[in-house]
Amino acid sequence: MNKALPWIVGAAMIALPFVYSAPYPMHLMIVVLIWSFAYTSWSVMGRFGLVSLGHGGFMGVGAYGTALLWNHLGLTPWIGIPISMVMAVALALVVAYPCSRFRITGHYFALVTLALSAIVLQVATASRDLTGGSLGYTPERVQGGGNILAFQFESKISWYFVALGFWALGLLIRWWVDRSMIAYALEAIAEDEDAAGAAGVNVTAEKLKITALSAAMTAAAGGVYCQYQMFISPDTVSGISVSLQMVFAAVVGGIYVLPGPTVGAIITILLAEGLRIFFGTGALGYDNLVYGTLLVVFIIFLPQGLVGAAWNKLTGARQTA
Amino acid sequence: MLEVSGLIKRFGGFTAVSNVSFQVGQGEILGLIGPNGSGKSTIFNMLSGTLAPTAGTIRFLGHEIGGLPPYRIINQGIGRTFQIPRPFKRLSIFENVALAGYYGQGQPSRTKAYDAAERALSLVGLPIDRNTMIGGLGAAGLKKLELAKALATQPRLLLADESLGGLDEHEMDQAADMLRRIRAELGITIIWVEHIMGVLMRVVDRVMVLDHGEKIAEGLPSEVSADPRVIEVYLGTDATAVQAAAAERQ
């Protein structure tokens, strides 16, 4: 049953648009999948105690990089997204390397990375001539609406499959990381860096590897988000609120379990949509209020997150010696 | 095998280790003793790469290793245990040791790391199943785990830091036997820092005594335990008992 479940869910998700494809639910599904990919990308490092509040920055680099390369150099997002991913990795290493060398961990690491998302937000807002500033930015549309080469698709169903693919790839990467020796090393580093070093782990190298991977994945999510929405603004793809939203969603769903961030995305997006529908524009920003409150409640009472807690209930924790 | 010469470590104005030189031969067990704060752990931290020496050289198998990061020193064949066991609580016993087997051997195949882990765990007498967590291990168990982690890195030189603190007499004898077996069966050279003199004197080939960061004596356990300076700074009224233990040495 446990082995079959992912395949059943996967098959159901592939079959879904052939059975039911009303535009609004489809749109919600696509957005949930893209953000799930971003949250999963965050959790790839977040689950090892590397709590980054800078991932909004990587998302922003991915989104703006992809759009700017397309509009100015005519580079297809198929190349633009990888280039943006490389830029995000470079940015991540510039921040993570000194953090690791000078032993900036835990809360202090979170604070340093917080500055990173603020910087990307400021740069995107201030470079008005290039990025349109706070008014936002739009990649140029190709003639006829859809074009695979331009990474633009007309139908929601095509987008659904693109988002599904990236989401599945994100889960696959995290699944692979969680089962590799790197996971042991990072767990060890999270507990005791000196002891991890004494076990032969190159602490800085392992931290940088996972940070680079996580940043690259998040930038890819930013690029895909940009292509889907065809409109980005500093607040929606970069900045502190996006970073916080990632932490919140991942923590609520559960950062230690594979489907956790996805469940977190479903909850946060339905919450934001629900508030928007019921309260209209009068409730703008209420979702952040609810996130903040719930985040505190979850960290205190359910640090494993919803999926994590349910999983522990079902399977029981591992036995002790 | 290991040649340390003119080793100095200063922390600001304080000299923790002052011009210490010594050698360890292949297959030897060297005991390192001294009062608290005499520089034993600082020397260990320099040998294992946790601290960089202020001056002096550390040559291991002909290569200078002073100032290298810990993971490179381990990959050259020096393993260590910590005075206070530092297990990774979120990993199982097996995973703790497999991690050391993997990274400590320079990331070979996973199978090789697992093999090393199983061998190390059987040697120290801990369960080799994959999922038992460390929660139920007592002081003796944690020391064993610490040793298994160090052994899984396949060291040629083992730095054992006060492995017997917190154990009862029976457990101490077991642990001392363990070190003897590690040398006899695996051919691993050992430097052993230990507070409990009686047990140490029975096992080691040679003893080096530190006081205030300086080497004040070195030699056979019987010589060192009769040295008036050592008795004065360290052994004190226990001297007779320790001398008796040194005489008993097998």
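Which side chains meet in a salt bridge at 3.7 Å, N to O? I found B:Arg86 and A:Asp194. A salt bridge here is a side-chain nitrogen of Lys or Arg within 4 Å of a carboxyl oxygen of Asp or Glu. Across the interface of chain B and chain A, the rule finds three salt bridges.

I noted that this is a predicted model, where local features need pLDDT of at least 70, side-chain atom pairs count only at pLDDT 80 or more, and totals for chains, interfaces and linings use all residues. Residues are numbered from 1 along each chain as its sequence is written, chains are lettered from A and ligands numbered from 1 in the order in which they are written, and side-chain values use heavy atoms, with hydrogens and water left out.

Next I looked up the contact between the chains. Contact means heavy atoms within 4.5 Å. I read 31 residues of chain B against 25 residues of chain A. The buried area is about 2,600 Å², and carbon and sulfur atoms give 59% of that. This is the accessible area (1.4 Å probe) that two parts lose on being put together, summed over both. In chain B, B:Phe88, B:Arg90 and B:Tyr103 lose the most area to chain A, together 26% of what that side buries.

Then I turned to the domains of chain B. An automatic or database assignment sets the bounds: domain 1 is 2–77 + 157–248, and domain 2 is 91–154. Their centres, taken over C-alpha atoms, are 24 Å apart. Domain 1 gives 16 residues to the contact and domain 2 gives 13. About 1,000 Å² is buried between these domains, 70% of it from carbon and sulfur atoms.
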